Amino acid sequence: MLRLSEVRQAVVLGAHPDDIEIGAGGLLLTLAAANPGVRVHYVLCTGTPDRHAEAMAAAAAFLPGAALTTSLHTLPDGRLPAHWAEVKRIVDDAAASRPELVLSPWTGDAHQDHRLIGELVPTAFRSALHLQYEIPKWDGDLGRPQLYVPLTDEVAAAKVAHLDTCFGSQRDRDWWTEETFRGLMRLRGIECRAPYAEAFHCAKATLRLTA
(Lines give C-alpha, C1' and ligand atoms only; values in the text may rest on other atoms or scores of the structure.)
Protein backbone atom coordinates (compact mmCIF):
# COMPACT_ATOMS: atom_id res chain seq x y z
CA MET A 1 0.00 0.00 0.00
CA LEU A 2 1.27 3.46 -0.89
CA ARG A 3 2.24 5.66 2.06
CA LEU A 4 1.33 9.33 1.92
CA SER A 5 4.93 10.25 2.65
CA GLU A 6 5.96 8.36 -0.50
CA VAL A 7 3.66 10.32 -2.82
CA ARG A 8 5.72 12.67 -4.97
CA GLN A 9 3.05 13.48 -7.56
CA ALA A 10 -0.73 13.41 -7.23
CA VAL A 11 -3.61 14.31 -9.52
CA VAL A 12 -6.95 15.35 -8.04
CA LEU A 13 -9.99 15.60 -10.29
CA GLY A 14 -13.41 17.07 -9.68
CA ALA A 15 -16.46 17.78 -11.77
CA HIS A 16 -17.32 20.97 -9.88
CA PRO A 17 -15.57 23.39 -7.52
CA ASP A 18 -15.81 21.98 -3.96
CA ASP A 19 -16.14 18.30 -5.03
CA ILE A 20 -12.50 17.51 -4.25
CA GLU A 21 -12.47 19.25 -0.89
CA ILE A 22 -15.78 17.77 0.29
CA GLY A 23 -14.69 14.27 -0.65
CA ALA A 24 -11.00 14.34 0.18
CA GLY A 25 -10.14 17.55 2.01
CA GLY A 26 -8.87 15.69 5.05
CA LEU A 27 -6.66 13.47 2.92
CA LEU A 28 -5.24 16.56 1.18
CA LEU A 29 -4.45 18.24 4.49
CA THR A 30 -2.80 15.05 5.73
CA LEU A 31 -0.86 14.58 2.49
CA ALA A 32 0.49 18.12 2.57
CA ALA A 33 1.59 17.73 6.19
CA ALA A 34 3.20 14.32 5.56
CA ASN A 35 5.00 15.33 2.38
CA PRO A 36 5.99 19.01 2.17
CA GLY A 37 6.46 20.14 -1.41
CA VAL A 38 4.39 17.33 -2.90
CA ARG A 39 3.42 18.06 -6.50
CA VAL A 40 -0.34 18.16 -7.01
CA HIS A 41 -2.16 18.73 -10.30
CA TYR A 42 -5.66 20.05 -9.58
CA VAL A 43 -8.29 19.53 -12.30
CA LEU A 44 -11.88 20.78 -12.55
CA CYS A 45 -14.20 20.17 -15.49
CA THR A 46 -16.80 22.88 -14.80
CA GLY A 47 -17.02 26.26 -13.12
CA THR A 48 -17.49 29.98 -13.55
CA PRO A 49 -14.67 32.47 -12.87
CA ASP A 50 -16.07 33.17 -9.39
CA ARG A 51 -16.32 29.47 -8.57
CA HIS A 52 -12.84 28.83 -9.93
CA ALA A 53 -11.54 31.58 -7.65
CA GLU A 54 -13.12 29.80 -4.70
CA ALA A 55 -11.52 26.53 -5.79
CA MET A 56 -8.08 28.12 -6.03
CA ALA A 57 -8.43 29.56 -2.55
CA ALA A 58 -9.44 26.12 -1.31
CA ALA A 59 -6.54 24.38 -3.06
CA ALA A 60 -4.12 26.73 -1.34
CA ALA A 61 -5.78 26.19 2.05
CA PHE A 62 -6.01 22.40 1.80
CA LEU A 63 -2.54 21.92 0.26
CA PRO A 64 -0.25 24.37 2.07
CA GLY A 65 3.32 24.11 0.82
CA ALA A 66 2.45 21.90 -2.14
CA ALA A 67 3.76 22.55 -5.63
CA LEU A 68 0.37 23.15 -7.20
CA THR A 69 -0.58 23.22 -10.87
CA THR A 70 -4.13 23.64 -12.13
CA SER A 71 -6.31 22.81 -15.11
CA LEU A 72 -9.67 24.59 -14.84
CA HIS A 73 -12.38 24.10 -17.45
CA THR A 74 -15.81 25.56 -18.11
CA LEU A 75 -17.88 22.69 -19.43
CA PRO A 76 -21.59 22.98 -18.53
CA ASP A 77 -22.56 21.86 -15.04
CA GLY A 78 -24.77 18.78 -15.11
CA ARG A 79 -24.05 18.01 -18.77
CA LEU A 80 -20.66 16.30 -18.79
CA PRO A 81 -21.91 13.03 -20.38
CA ALA A 82 -22.94 15.10 -23.42
CA HIS A 83 -19.33 16.31 -23.62
CA TRP A 84 -17.73 12.88 -23.26
CA ALA A 85 -14.89 13.47 -25.72
CA GLU A 86 -13.83 16.71 -24.04
CA VAL A 87 -13.95 15.16 -20.56
CA LYS A 88 -11.90 12.23 -21.85
CA ARG A 89 -9.30 14.65 -23.23
CA ILE A 90 -9.13 16.48 -19.89
CA VAL A 91 -8.56 13.23 -18.02
CA ASP A 92 -6.00 11.98 -20.55
CA ASP A 93 -4.07 15.25 -20.38
CA ALA A 94 -3.94 15.01 -16.58
CA ALA A 95 -2.41 11.53 -16.83
CA ALA A 96 0.70 12.90 -18.55
CA SER A 97 2.22 13.73 -15.17
CA ARG A 98 2.39 10.01 -14.26
CA PRO A 99 1.34 10.39 -10.59
CA GLU A 100 1.48 7.79 -7.87
CA LEU A 101 -1.92 8.83 -6.50
CA VAL A 102 -5.13 9.89 -8.28
CA LEU A 103 -8.31 11.11 -6.60
CA SER A 104 -11.64 11.28 -8.39
CA PRO A 105 -15.35 10.92 -7.69
CA TRP A 106 -16.79 7.44 -7.23
CA THR A 107 -18.11 5.48 -10.21
CA GLY A 108 -21.25 4.72 -8.20
CA ASP A 109 -22.04 8.38 -7.56
CA ALA A 110 -25.62 9.29 -8.45
CA HIS A 111 -24.56 12.57 -10.10
CA GLN A 112 -23.82 11.97 -13.76
CA ASP A 113 -20.91 14.45 -13.88
CA HIS A 114 -19.17 12.80 -10.93
CA ARG A 115 -19.80 9.31 -12.22
CA LEU A 116 -18.36 9.99 -15.68
CA ILE A 117 -15.04 11.24 -14.34
CA GLY A 118 -14.74 8.23 -12.06
CA GLU A 119 -15.37 5.91 -14.98
CA LEU A 120 -12.80 7.59 -17.24
CA VAL A 121 -9.90 7.79 -14.79
CA PRO A 122 -8.93 4.07 -15.01
CA THR A 123 -8.76 4.35 -18.81
CA ALA A 124 -6.02 6.97 -18.54
CA PHE A 125 -4.17 6.22 -15.28
CA ARG A 126 -2.96 2.63 -15.55
CA SER A 127 -0.49 2.28 -12.68
CA ALA A 128 -1.42 4.95 -10.12
CA LEU A 129 -3.37 4.18 -6.97
CA HIS A 130 -6.87 5.45 -7.80
CA LEU A 131 -9.02 6.43 -4.83
CA GLN A 132 -12.63 7.45 -5.45
CA TYR A 133 -14.08 9.88 -2.93
CA GLU A 134 -17.69 10.19 -1.79
CA ILE A 135 -19.89 13.29 -1.73
CA PRO A 136 -23.04 13.47 0.44
CA LYS A 137 -26.11 14.69 -1.44
CA TRP A 138 -29.90 14.57 -1.66
CA ASP A 139 -29.77 11.36 -3.72
CA GLY A 140 -28.65 9.21 -0.77
CA ASP A 141 -26.00 7.36 -2.75
CA LEU A 142 -23.38 6.63 -0.09
CA GLY A 143 -22.01 3.12 -0.50
CA ARG A 144 -19.67 0.75 1.33
CA PRO A 145 -16.13 2.00 0.67
CA GLN A 146 -13.09 -0.21 1.08
CA LEU A 147 -10.34 2.18 2.13
CA TYR A 148 -10.21 4.63 5.03
CA VAL A 149 -7.94 7.56 5.86
CA PRO A 150 -8.11 8.25 9.61
CA LEU A 151 -8.21 11.92 10.54
CA THR A 152 -7.35 13.66 13.78
CA ASP A 153 -9.76 16.03 15.51
CA GLU A 154 -7.59 18.91 14.31
CA VAL A 155 -7.68 17.86 10.66
CA ALA A 156 -11.45 17.30 10.75
CA ALA A 157 -11.96 20.76 12.25
CA ALA A 158 -9.66 22.34 9.68
CA LYS A 159 -11.53 20.65 6.83
CA VAL A 160 -14.88 21.99 8.00
CA ALA A 161 -13.48 25.48 8.58
CA HIS A 162 -11.78 25.65 5.17
CA LEU A 163 -14.90 24.46 3.38
CA ASP A 164 -17.00 27.19 4.95
CA THR A 165 -14.37 29.89 4.43
CA CYS A 166 -13.42 29.06 0.85
CA PHE A 167 -16.82 28.22 -0.64
CA GLY A 168 -18.97 31.10 0.51
CA SER A 169 -21.25 30.77 -2.51
CA GLN A 170 -22.50 27.43 -1.19
CA ARG A 171 -23.46 28.46 2.34
CA ASP A 172 -27.14 28.97 1.51
CA ARG A 173 -27.59 25.35 0.47
CA ASP A 174 -29.64 23.47 3.05
CA TRP A 175 -27.19 20.57 3.21
CA TRP A 176 -24.08 22.74 3.55
CA THR A 177 -23.58 22.58 7.32
CA GLU A 178 -20.85 21.65 9.73
CA GLU A 179 -23.01 18.74 10.89
CA THR A 180 -23.10 17.29 7.37
CA PHE A 181 -19.35 17.22 6.91
CA ARG A 182 -18.39 16.36 10.46
CA GLY A 183 -21.12 13.73 10.74
CA LEU A 184 -19.94 11.80 7.70
CA MET A 185 -16.32 11.95 8.89
CA ARG A 186 -17.39 10.71 12.31
CA LEU A 187 -19.38 7.82 10.84
CA ARG A 188 -16.42 6.75 8.69
CA GLY A 189 -14.22 7.15 11.73
CA ILE A 190 -16.39 4.70 13.68
CA GLU A 191 -16.00 2.20 10.85
CA CYS A 192 -12.19 2.29 11.08
CA ARG A 193 -11.94 2.97 14.84
CA ALA A 194 -10.62 6.51 14.52
CA PRO A 195 -11.97 9.85 15.77
CA TYR A 196 -12.78 10.83 12.19
CA ALA A 197 -12.02 9.50 8.74
CA GLU A 198 -12.63 9.89 5.04
CA ALA A 199 -13.53 6.80 3.07
CA PHE A 200 -12.70 5.90 -0.52
CA HIS A 201 -13.63 3.27 -3.04
CA CYS A 202 -10.68 1.43 -4.57
CA ALA A 203 -11.36 -0.95 -7.43
CA LYS A 204 -7.74 -2.03 -7.89
CA ALA A 205 -4.57 -1.86 -5.83
CA THR A 206 -1.18 -3.53 -6.18
CA LEU A 207 0.40 -5.34 -3.25
CA ARG A 208 4.20 -5.52 -3.55
CA LEU A 209 5.85 -8.19 -1.40
CA THR A 210 9.50 -7.66 -0.52
CA ALA A 211 11.91 -9.79 1.47
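This is a predicted model: local features need pLDDT of at least 70, side-chain atom pairs count only at pLDDT 80 or more; totals for chains, interfaces and linings use all residues.
Colleague: Where do Lys88 and Asp92 lie, and how many residues apart are they?

Modeller: Both belong to helix α3, which spans residues 84-94, and they sit 4 residues apart, about one turn of the helix. Lys88 is buried, with a relative accessible area of 16%, whereas Asp92 is partly exposed at 33%.

Colleague: Which residue forms a salt bridge with Arg89?

Modeller: The partner of Arg89 is Asp93, and the closest N and O atoms are 2.6 Å apart. Arg89 is partly exposed at 36% relative accessible area, and Asp93 is partly exposed at 46%.

Colleague: Which parts of the chain does the salt bridge between Arg188 and Glu134 link?

Modeller: The side chains of Arg188 and Glu134 meet at 2.8 Å, N to O. The pair links distant parts of the chain, 54 residues apart, with Arg188 in helix α6 (residues 178-191) and Glu134 in the loop between β5 (129-133) and β6 (147-151).

Colleague: Is Arg188 buried or exposed, and is Glu134 buried or exposed?

Modeller: Arg188 counts as buried because its relative accessibility is 5%, under the 20% cut-off, and Glu134 is buried with a relative accessible area of 5%.

Colleague: Which residues do salt bridges with shared partners join into one network?

Modeller: Asp18, Arg51 and Glu54 are joined in this way.

Key
Residues are numbered from 1 along each chain as its sequence is written. Side-chain values use heavy atoms; hydrogens and water are left out. Helices (H or I, at least four residues) and strands (E, at least two) are DSSP runs, numbered from the N terminus. Buried means under 20% relative accessible area, exposed over 50%, partly exposed in between (1.4 Å probe, protein chains only). A salt bridge is a side-chain nitrogen of Lys or Arg within 4 Å of a carboxyl oxygen of Asp or Glu.
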